[in-house]
Amino acid sequence: MIENVIVTGGSRGLGLGIARKLVDAGYRVVAVARRESEELACAIRQTEKAGKGSLVFESFDLENTRDIADLVKRLRKDLGPIYGLVNNAGLGTSGVLATMRDSEIQRLVQLNTVSPIILTKSVVRSMMARGGGRIVNVASIVGATGYRGLSVYSATKAAMVGFTRSLAREVGPLGINVNAVAPGFLETDMTESLGERHREQIARRSALRRLVGTDDVGDAVEFLLGKKSRNITGTVLTVDAGNTA
Ligand SMILES: NC(=O)c1ccc[n+]([C@@H]2O[C@H](COP(=O)([O-])OP(=O)(O)OC[C@H]3O[C@@H](n4cnc5c(N)ncnc54)[C@H](OP(=O)(O)O)[C@@H]3O)[C@@H](O)[C@H]2O)c1
């Protein structure tokens, strides 16, 4: 039976990288985002030809938390039980706290923390009924290390780590594994404003002297969804080329 996995923010950047890996591994991936990007449309066409797993797009604004339960109900009805959830969608708004608008702070907390928690609540109910499942939350190394100009973003990511550990304890007895990945700097739309000098500096300061790619994080997520990680739960897997080593 083909297993269904929801990947939020699966239209581009890291989410699309994760979605591609999971399709190659034979899953049916539901990429949730507001808009279907060109890259995603192209990936969907490629997977139709390749015939391994499959990739479908679901348009949804995750800030709209009131409709999340209906979204999950609809996906279950259309596709069947949900095996995996990857909470990846997020905003990377940076700014000095003292001058940040309250509305920006609220939006960051909403999309990076509140929405994935509410989505997980709906999905975990379906996993409980099925007697198992896998949840992977996308955190970030800055949630543990801190970074100037990213205090609110870091708070949302640290919150997801606390959520991961506690939920793992709560749903472990029901056969559901909950883990997080903490990527280092990745070249995506979120980080496009960082200059070349900054990228080189990050690579230089990493133990392996290089940057991490979305593929590397995709491999880690695939591992956390697969059979080989059946006894891993409540952990954070750091994928940062040794930036925080
Ligand atoms: N880039 C990095 O260096 C880095 C490092 C560590 C961790 N991370 C984490 O990795 C995750 C992905 O980051 P990224 O760099 O790939 O970001 P990105 O390139 O900006 O992509 C964000 C994704 O989230 C979706 N999204 C944004 N707002 C949404 C909403 N309201 N409802 C539904 N989907 C929404 C976007 O699609 P639409 O705009 O079409 O909705 C897009 O698919 C985030 O959680 C981020 O914090 C990133």
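View 1. Leaving aside neighbours within four places in sequence, aspartate 189 is in contact with Arg12 and Gly13. Two residues are in contact when their C-beta atoms, placed from the backbone, lie within 7 Å. The model is predicted: local features need pLDDT of at least 70, side-chain atom pairs count only at pLDDT 80 or more, and totals for chains, interfaces and linings use all residues. Residues are numbered from 1 along each chain as its sequence is written. Aspartate 189 sits in the loop between S6 and H7. Helices (H or I, at least four residues) and strands (E, at least two) are DSSP runs, numbered from the N terminus. Is aspartate 189 buried or exposed? It counts as exposed, with 10 C-beta neighbours inside 10 Å. The cut-offs are these: 20 or more other C-beta atoms within 10 Å of a residue's own make it buried, 12 or fewer make it exposed, and anything in between is partly exposed, with C-beta atoms placed from the backbone. Glutamate 170 is 19 residues from aspartate 189 in sequence, yet their C-alpha atoms are 35 Å apart in space.

**View 2. The shell around the ligand.** How many residues surround the ligand? The count is 27, and the closest are Gly9, Gly13, Arg34, Gly90 and Thr188. A residue is near a molecule if its C-beta atom, placed from the backbone, lies within 6 Å of it. The shell divides into ten nonpolar, eleven polar and six charged residues. Here Ala, Val, Leu, Ile, Met, Phe, Trp, Tyr, Cys and Pro count as nonpolar, Asp, Glu, Lys and Arg as charged, and the others, Gly among them, as polar. Helix H1 (residues 13-24) gives the most to this shell, with three residues.

**View 3. Helix H1, end to end.** H1 has twelve residues and reaches 17 Å from its first C-alpha to its last. That is close to the 16 Å expected at 1.5 Å a residue; the expected span is 1.5 Å times one less than the number of residues. Eleven of the twelve residues are buried, so H1 is largely enclosed by the rest of the structure. Among them are Gly13, Leu14, Ile18, Arg20 and Lys21. Glycine 26 follows H1 and has a positive phi, near 100°.

**View 4. Valine 29 and the nonpolar core.** The largest nonpolar core has 60 residues. Which of them touch the most other members? They are Ile6, Val29 and Ala31. A nonpolar core is a set of buried Ala, Val, Leu, Ile, Met, Phe, Trp, Tyr and Cys residues joined through C-beta atoms within 7 Å. In soluble globular proteins, nonpolar side chains tend to be buried together. Beyond neighbours within four places in sequence, valine 29 is in contact with Val5, Val7, Gly10, Ala19, Leu22, Val23, Gly53 and Leu55.

**View 5. Leucine 174 between H6 and S6.** Leucine 174 lies in the loop between helix H6 (151-171) and strand S6 (176-183). It is partly exposed, with 14 other C-beta atoms within 10 Å. Not counting residues up to four places away in sequence, leucine 174 touches Met128 and Gly131. Glycine 132 is 42 residues away along the chain, but its C-alpha is 6.3 Å from that of leucine 174.

**View 6. Valine 142 in helix H5.** Valine 142 belongs to helix H5 (residues 142-145). It counts as buried, with 22 C-beta neighbours inside 10 Å. Outside the four places on either side in sequence, valine 142 touches Tyr147, Leu150, Tyr153, Ser154 and Lys157. Phenylalanine 185 is 43 residues away along the chain, with 9.4 Å between the two C-alpha atoms.

**View 7. Two positive phi angles outside glycine.** Arginine 209 has a positive phi of about 55° although it is not a glycine. It lies in the loop between helix H7 (196-204) and helix H8 (214-225). With 10 C-beta neighbours inside 10 Å, arginine 209 counts as exposed. Alanine 241 also has a positive phi, near 55°. It lies in the segment after strand S7 (236-239). Alanine 241 is buried, with 22 other C-beta atoms within 10 Å.
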